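Visitor: Could you walk me through this structure, beginning with the words I shall need?

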Amino acid sequence: MAHRDARSAHGACTAFAALMTTATSTIPTPPARIHVLAKPTGAICNLDCAYCFYLDKEKLYPDSDFRMSDELLERHIQQLVEAHRGDRVTVAWQGGEPTLMGLDFYRKVVEYERKHARPGLVFENTLQTNGTLLDHAWCEFFREHGFLIGISIDGPRALHDHYRVDKGGKPTFDKVMRGVRLLQEHGVDHNVLCTVHRANADHPLDVYRFFRDEVGTDWIQFIPVVERVLGSTVSERSVGPEQFGSFLIAIFDEWVRHDVGRVFVQTFEAALRNWLGLKSSGMCVFDEACGHGLALEHNGDLYSCDHFVEPRHRVGNLRDKRLLDVVMSDEQRAFGRHKLESLPRECRECDVRFACHGECPKSRFLKTRDGEPGLNYLCAGYKAFFHHVDGPMKRMAQLVERGRPASDVMAILARESAAHAGRNEPCPCGSGTKTKRCHGAR
């Protein structure tokens with residue numbers, strides 16, 4: 001999702017100053033900030049992506065028009081303001097496809113923000129979109145009001161179009177890229193969200209280099225597709241555990257040698273924050289506990305998490321409950337603690353638990369080697385990735401703690417590689433210069 005809290009993790013790679021202020025759900029005091037992912041159109045979308053877990057949520061509301069009312073919108077903004085103790089409020093929109101609400105809806109968002117703002121309060125508006133409906137008017141509005149836009153795209157044309165199709169089954173790559181170029185033309189702050197599935201996971205460098213070199217983005221989120229079918233079975237679209245680990249490792253090896261401080265990959269940023277021992281990784285899936293990220297449906301229903309929009313995790317409705325009361329309720333706090341308290345012994349004793357914390361509970365449907373339930377489906381991949389990056393992460397953490405940019409790690413690794421390269425061979429850093437005249441020089 002497009003989320004400025006995630007973007008604040010940039011600081012972990014440039015300075016030791018981007019501490020998150022959000023408290024963990026085990027502390028019975030209100031957090032300084034909470035996050036509510038609002039879905040003004042519910043699950044309604046103009047695309048029909050094969051792996052979308054949210055399209056089925058339409059069945060929860062069989063008689064709905066799937067449009068958030070103005071009255072509910074204002075109540076949402078007002079309660080967000082009341083629930084925040086800090087000077088920044090993130091207002092996040094997702095779907096479905098949130099642009100189906102039309103531009104006038106978001107003009108009212110800005111209007112209500114101004115109406116309910118207290119002195120010194122800053123609103124950070126974020127919106128996740130498939131990009132196919134964007135035009136100049138949308139982009140001018142986003143630019144004027146400082147929206148951060150997340151664009152969903154799964155890589156180069158063939159990899160993107162494999163699953164991301166419209167209601168008629170037609171490819172969407174060209175429409176999405178048109179939306180990206182419009183955002184860039186208007187100078188709109190944006191990032192890329194890429195789902196990693198069975199079709200694109202075997203092409204990590206094609207995906208990464210496409211985003212870096214052709215799309216021209218400097219911030220990327222990789223979200224694994226895990227579609228549970230029955231028991232521990234997953235759909236054929238789901239990424240394999242080892243496959244996902246190899247995907248991250250290949251991209252990390254390219255990134256840590258060439259792009260630290262220039263391209264920001266959310267998973268790598270979150271990992272570095274955990275290697276630094278910071279209070280929060282900036283990604284809920286890698287934090288010890290959760291519970292401060294709610295999902296708001298178009299009719300006001302609140303759910304414990306975007307991945308748990310189901311009747312048993314409905315925790316209230318904005319029309320009859322205060323947002324802060326829901327966050328601080330025993331039910332929601334228990335939901336957040338369950339992530340920590342339900343870890344199986346194998347996870348509790350794992351040497352990379354500090355980096356993973358069992359990842360997201362939605363994917364904990366395997367059994368450990370001892371037969372204990374609660375092992376994450378992606379465990380094998382994450383464990384391989386975190387072991388692989390341990391050395392560079394420790395070095396970047398040391399650099400940051402000494403007040404140096406984490407990007408200095410690239411020169412360190414290049415010098416080490418140059419020590420094993422021929423003096424007349426191209427330098428391992430990729431400069432195109434001979435090793436003896438680059439990082440191999442005395």
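Guide: On a 1 Å grid over the protein atoms alone, a cavity is a set of points where a 1.4 Å probe fits but cannot get out, and its lining residues have an atom within 4 Å of a point. Grid points are joined across faces, edges and corners, and a volume is the space filled by probe spheres set on the points. This is a predicted model, in which local features need pLDDT of at least 70, side-chain atom pairs count only at pLDDT 80 or more, and totals for chains, interfaces and linings use all residues. Residues are numbered from 1 along each chain as its sequence is written, and side-chain values use heavy atoms, leaving out hydrogens and water.

Visitor: What volume does the largest cavity have?

Guide: A search of the whole structure finds one cavity of 30 Å³ or more. The volume of the largest cavity is about 130 Å³.

Visitor: Which helix gives the most to the lining of the largest cavity?

Guide: Among the 13 lining residues, those closest to the centre of the largest cavity are C347, C350, C356, G358 and C379. Helices here are DSSP runs (H or I, at least four residues), numbered from the N terminus, and α13 (353–356) and α14 (379–401) each supply at least two residues of this lining. With four residues, the helix that gives the most is α14.

Visitor: At what angle do α7 and α8 pack?

Guide: Axes are lines fitted to C-alpha atoms, for helices over the stretch in contact (heavy atoms within 4.5 Å), and angles run from 0 to 180 degrees between N-to-C directions. Helix α7 (residues 204–215) and helix α8 (residues 241–258) have their axes 8 Å apart, and they pack at an angle of about 45°.

Note on methods
On a 1 Å grid over the protein atoms alone, a cavity is a set of points where a 1.4 Å probe fits but cannot get out, and a pocket is an open set with protein on both sides within 12 Å along at least five of seven lines; lining residues have an atom within 4 Å of a point.
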